[in-house]
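Here is a short briefing to read with the model open beside you. It moves from the overall build to the strands, then to the backbone details and the aromatic side chains.

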Amino acid sequence: MRTYDFTPLYRSAVGFDRLANLLESASRTTSQDTGYPPYNIETTGENAYRIEIAVAGFGPDELNIEVKENLLTVTGRKTANDDAAQKTYLHRGLAERDFERRFQLADYVVVTDANLVNGLLSISLKRELPEALKPRRIEIGAGQPLIEGKAENKAEAA
């Protein structure tokens, strides 16, 4: 197993500490990741995304979705089932165990919708840039060129 030291990045890059933290947390989670539950991340448009998580056996009341500081956390807590003690399984392939999945979101990405259909939890995301950050087109006027003498005379007349 490889471990990476991001300390030199902290020392030499000013203002990129969030990026270094993101790289560090990504390297930590991949080494500890169990792969449960499986998930897909897809793009559904230019600024739209969807995360699908296979949560077979979980109901909507056993799932929780929370967004805090650009971190999307999906948790599943299986409630105690009295019928499970009475059942005898020949094979048990559905892993109905508690889980927590975390996804780092980019700036201005918001969760717009979440649905649970046929054991798949679909979370819709959208990047919503504020108007101040969107590109704007600046119109170029076709006015008269300024001549130094005339520009000074206009300023003196005013």
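## The chain at a glance

The chain holds three helices and seven strands (DSSP runs, with helices being H or I of at least four residues and strands E of at least two, numbered from the N terminus). Starting at the N terminus, the order of elements is α-α-β-β-β-β-β-β-β-α. This is a predicted model, in which local features need pLDDT of at least 70 and side-chain atom pairs count only at pLDDT 80 or more, while totals for chains, interfaces and linings use all residues. Residues are numbered from 1 along each chain as its sequence is written, and side-chain values use heavy atoms, with hydrogens and water left out.

**Overall numbers**

- Of the 158 residues in the chain, 16% are buried (buried means under 20% relative accessible area, exposed over 50%, and partly exposed in between, with a 1.4 Å probe and protein chains only).
- Contacts between residues at least 6 apart in sequence join residues at least 24 apart in 53% of cases (a contact means heavy atoms within 4.5 Å).

**The four-stranded sheet**

- An open sheet is built from four strands in the order β1-β2-β7-β6, with antiparallel pairing (two strands pair if DSSP finds at least two bridges between them).
- At the edges are β1 (39-45) and β6 (109-117), each of which pairs on one side only.
- From one strand to the next, the twist averages 20° (axes are lines fitted to C-alpha atoms, for helices over the stretch in contact, and angles run from 0 to 180 degrees between N-to-C directions).
- Eight bridges link β6 to strand β7 (residues 120-127) in the antiparallel sense.
- To find your place in this pairing, look for valine 110, which stands opposite lysine 126 in β7.
- As a reminder while you look, side chains in a regular strand alternate between the two faces of the sheet.

- What is the phi of glutamate 69? The angle is near 50°, a positive value in a residue other than glycine.
- Glutamate 69 is exposed, with a relative accessible area of 71%.

**Other backbone details**

- Tyrosine 36 and proline 37 are joined by a cis peptide bond, with omega about -10°.
- Proline 37 sits in the loop between α2 (17-32) and β1.
- Tyrosine 108 also has a positive phi, near 70°, in a residue other than glycine.
- The loop between β5 (99-104) and β6 is where you will find tyrosine 108, which is partly exposed at a relative accessible area of 39%.

**Aromatic side chains**

- Searching the whole structure gives three aromatic pairs (rings of Phe, Tyr and Trp, the last by its six-membered ring, pair if their centres lie within 6.5 Å; planes under 30 degrees apart count as stacked, over 60 as edge-to-face and the rest as tilted).
- One of them joins tyrosine 36 and phenylalanine 99, whose ring centres are 6.1 Å apart with planes at 90°, so the pair is edge-to-face.
- Because tyrosine 36 lies in the loop between α2 and β1 and phenylalanine 99 in strand β5, the pair ties together parts 63 residues apart in sequence.
- Tyrosine 36 counts as buried at 15% relative accessibility, and phenylalanine 99 counts as buried at 4%.
- Tyrosine 39 and phenylalanine 103 have ring centres 5.2 Å apart and planes at 85°, so this pair is edge-to-face.
- Here tyrosine 39 lies in strand β1 and phenylalanine 103 in strand β5, so the pair ties together parts 64 residues apart in sequence.
- Tyrosine 39 is partly exposed at 34% relative accessible area, whereas phenylalanine 103 is buried at 7% relative accessibility.
- Tyr36, Phe58 and Phe99 make up one aromatic cluster.

**Charges over rings**

- Arginine 97 lies over the face of tyrosine 36, at 4.0 Å from the ring centre (a charge sits over a ring if NZ of Lys or CZ of Arg is within 6 Å of the ring centre and within 35 degrees of the ring normal).
- Lysine 78 lies over the face of phenylalanine 58, with 5.2 Å to the ring centre.
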